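Morning, everyone. Let me walk you through one structure, and please hold questions until the end.

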Amino acid sequence: MPGPRNKPKRKLKVKKDRDPPQSIPQGHTAPEAEPARCLTLEVDEETQCWRAAMQGHPVATRCDIHHGQFRILYKRYTDASKMVDKMKWDRQFPARGQIMGYTDWRTALEKGRWMRQYIDAIRVETEGRHLHARRFGLEGEQANGHRARIRFLQQEMVNAHDALDKLHTRAYELYIPTVPCAHEIAKSADDSLPSPYLRPSRRTEELVAVAESDSRVWEVLQAERRTLIRVPETGNEDLIEIILAERKHALLTEFSLFMDPECKTIREETDSPCEAATEAVVEVIQLCYQQIARRIIFHEPTLFMKSLDKTSLDDFFQSSDFDVEDAIRLIDLFTELMGFTLKWCKDAVADALILSREDSEDTAAVNNTEDRLRLLGGYIFKPTAMTNEVWWYLLTLTSPPGDMEHRFLQICQNFDDLIAFLSFCALGLVPPPSFCAKQPGPSDPSISRSHLSLCGVAVADMVSPRPTNANGPIPTWGRAKKRDCVVWSEHEARAHLFAAIKNESDDFTEAFIRELRARPDLFQVVIRSETDPEQVVEAFGASPGEELASVRNRTFEAPPLTPMSNPPKGDGEWEVQRTAVDLLYGTTRDNRGYLTTVPALNQKWLFRFKTFPVKYLVILDAIPNRDHSHLARNLAWAALCARGYGEGEYTLQKYAEAGDKAVDERAEECLGWMPIEWTWSLPLMEERLEELKELEFGDV
């Protein structure tokens with residue numbers, strides 16, 4: 001009877017074409033199966049290991065070397081994971097209100113040290129889990145668990161860094177007032193013009209993400225021609241420690257400017273006329289870089305609080321306190337030398353020049369005094385006045401591109417500082433701005449602007465009228481009232497120049513204004529002093545009863561043009577569309593004023609960050625409808641005459657001689673501090689005079 005225990009027996013089906021198994025002759029054994037390869041990826045995270053898998057349970061998946069590395073890796077990051085969980089749940093992050101309630105900087109700093117331990121544990125666990133996934137493989141639920149844990153760690157890292165930054169900031173606020181010199185230096189920086197450029201404040205999430213990137217590591221390894229792990233491998237390597245150490249080493253290569261005793265990078269970039277000059281410049285420039293680093297560290301709370309027990313820059317960079325996030329923060333600030341850290345850079349250059357003149361043994365014995373603060377094996381000083389030597393080194397270090405002059409106004413304390421800066425620009429240390437871009441020939445407005453700067457006139461803008469095909473009145477389609485006449489239209493637009501001179505009267509400003517008044521055939525001028533009552537201006541140069549018109553039109557009736565006749569001479573009253581005063585204050589949306597709307601609209605406005613009073617000048621070309629280069633050249637000749645370099649009517653020969661005198665004299669003032677064996681090249685017109693004569697547009 002069929003049932004569970006009484007199943008009918010079935011005959012096995014045997015394929016007839018299957019060959020019967022052949023017996024193995026005695027004395028022969030079956031070949032052994034080839035062992036599986038290790039499943040671990042090599043350091044490049046792409047190539048599979050070539051060794052045989054000898055370790056693993058229940059199936060061998062790793063070679064002996066990688067099994068040893070994996071055991072160290074796994075134990076290291078699981079121990080860190082236990083520490084993270086313990087610290088997370090045992091002690092909560094201090095809240096902002098609690099941090100602000102601290103009254104002793106040591107308390108805030110001690111809390112910060114605990115937070116550092118938490119960050120280090122997170123970093124080790126995160127890196128270990130990443131290495132486990134990338135090189136040793138994860139699958140299924142194990143991979144999902146790792147991803148969830150890493151997301152948790154990333155958020156904890158962000159929270160921990162936010163809390164640590166707040167703790168260091170509070171400790172900094174409490175510590176600085178306890179050191180009189182440090183308090184004075186920080187106060188002097190705060191009393192200056194608030195920086196127009198916000199700090200390059202990366203969001204904490206971005207800072208953490210950049211710190212975990214290894215792109216710079218591979219670039220350095222390739223440049224140094226070595227591998228991440230030394231060969232041969234033994235199996236005892238701590239992969240987490242190796243990648244963390246290489247990541248920091250890669251960032252420290254960015255700081256070779258500060259620590260290289262041979263100054264190789266600086267020496268390669270220094271172009272000096274003689275060996276003695278090169279050595280002197282290289283030494284000062286390296287000292288400048290070191291002082292810039294000290295200034296940044298002093299003003300950045302996290303970096304400063306970590307520097308307190310360090311003896312030198314090298315000690316600071318190599319210490320375990322200086323982590324990857326700190327390196328990124330310092331690099332970000334260092335690359336902002338043309339931004340808000342320009343003031344720190346200026347002070348650092350002044351510091352370097354003071355230290356370069358002091359005896360190193362005497363300096364090393366000096367502690368904090370009223371004018372200096374000891375920091376990382378050196379000193380930072382209270383801000384000092386600008387000198388020509390400071391200007392030269394500052395511009396040499398920053399190498400500003402064109403249209404960056406406005407940023408240097410934040411470190412100019414008075415008009416003399418501004419003219420000193422513009423004089424260095426005129427001597428070739430800074431490219432001319434785009435509004436007076438170089439043009440071929442003697443009418444080059446950049447040459448005229450350079451001579452104006454050397455004389456003491458700060459030019460901020462030059463504008464030409466819009467070019468038209470018309471030269472004089474043109475006939476229109478309007479219906480004339482007179483018999484056999486047509487309606488003619490005449491349009492005049494004048495080039496203008498916006499500049500500033502010293503607000504206080506001196507020999508040059510009075511002589512310069514006299515030169516302008518004496519030539520109404522060339523200049524129409526409006527002057528506005530910032531110390532005068534609001535919108536009070538002085539104007540001269542126009543005909544009696546006429547406004548200083550920048551743009552004006554008129555229409556009149558005259559016989560039509562014939563092949564044998566010339567256009568008629570204009571007649572009638574002018575209708576003024578824009579005056580010179582409109583250029584200062586603006587009256588309509590189309591007429592933007594230099595003192596009202598332009599500073600807000602033009603981010604590169606020269607006077608945007610000026611803090612001292614000046615006299616503004618709007619100067620119109622008395623001859624309408626021509627390029628601003630004519631006005632600039634005539635104005636430069638007037639300035640040279642006011643300085644006593646020239647006299648009489650303009651000619652190219654006289655202008656070249658006067659301009660070269662101004663260049664020589666100002667260069668002697670600006671560069672006279674250099675040792676006698678140093679030389680410099682000057683932008684002299686005499687060397688190109690014959691070429692310029694061939695291109696001259698004509699005396700005016």
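Predicted model: local features only at pLDDT ≥ 70, side-chain atom pairs only at ≥ 80, totals over all residues.

I will cover a sheet, a helix contact and some aromatic rings.

Now zoom in on strand 8. Three bridges join it to strand 7, which covers residues 523-529. The two run antiparallel. Across that pairing, Val525 stands opposite Phe540 of strand 8.

Next, the helices. Helix 1 is residues 64-90, and helix 8 is residues 239-252. They pack at about 75°, with axes 8 Å apart. Helix 1 and helix 8 are therefore roughly perpendicular to each other. Who touches whom? From helix 1 we have Gln69, Leu73, Arg76 and Tyr77; from helix 8, Leu239, Ile240 and Glu241. By type, the residues of this contact are four nonpolar, one polar and two charged.

Last, the rings. The structure holds 28 aromatic pairs. One of them is Phe298 with Phe304, edge-to-face, 5.6 Å centre to centre and 85° between the planes. Both Phe298 and Phe304 are buried. Trp605 and Phe607 also pair edge-to-face, at 6.0 Å centre to centre and 85° between the planes. Trp605 and Phe607 are buried too. Finally, ring pairs link Phe298 and Phe304 into a cluster with Trp105, Tyr172 and Tyr175.

Conventions
Residues numbered from 1 in each chain as written. Heavy atoms only, no water. Pairing = 2+ DSSP bridges. Helix = DSSP H or I, 4+ residues; strand = E, 2+ residues; numbered from the N terminus. Axes fitted to C-alpha atoms, helices over the stretch in contact; angles between N-to-C directions. Parallel < 35°, antiparallel > 145°, perpendicular 65-115°, else oblique. Contact = heavy atoms within 4.5 Å. Nonpolar A, V, L, I, M, F, W, Y, C, P; charged D, E, K, R; others polar. Phe/Tyr/Trp six-rings, centres within 6.5 Å; stacked < 30°, edge-to-face > 60°. Buried < 20%, exposed > 50% of the residue type's maximum accessible area, 1.4 Å probe, protein only.
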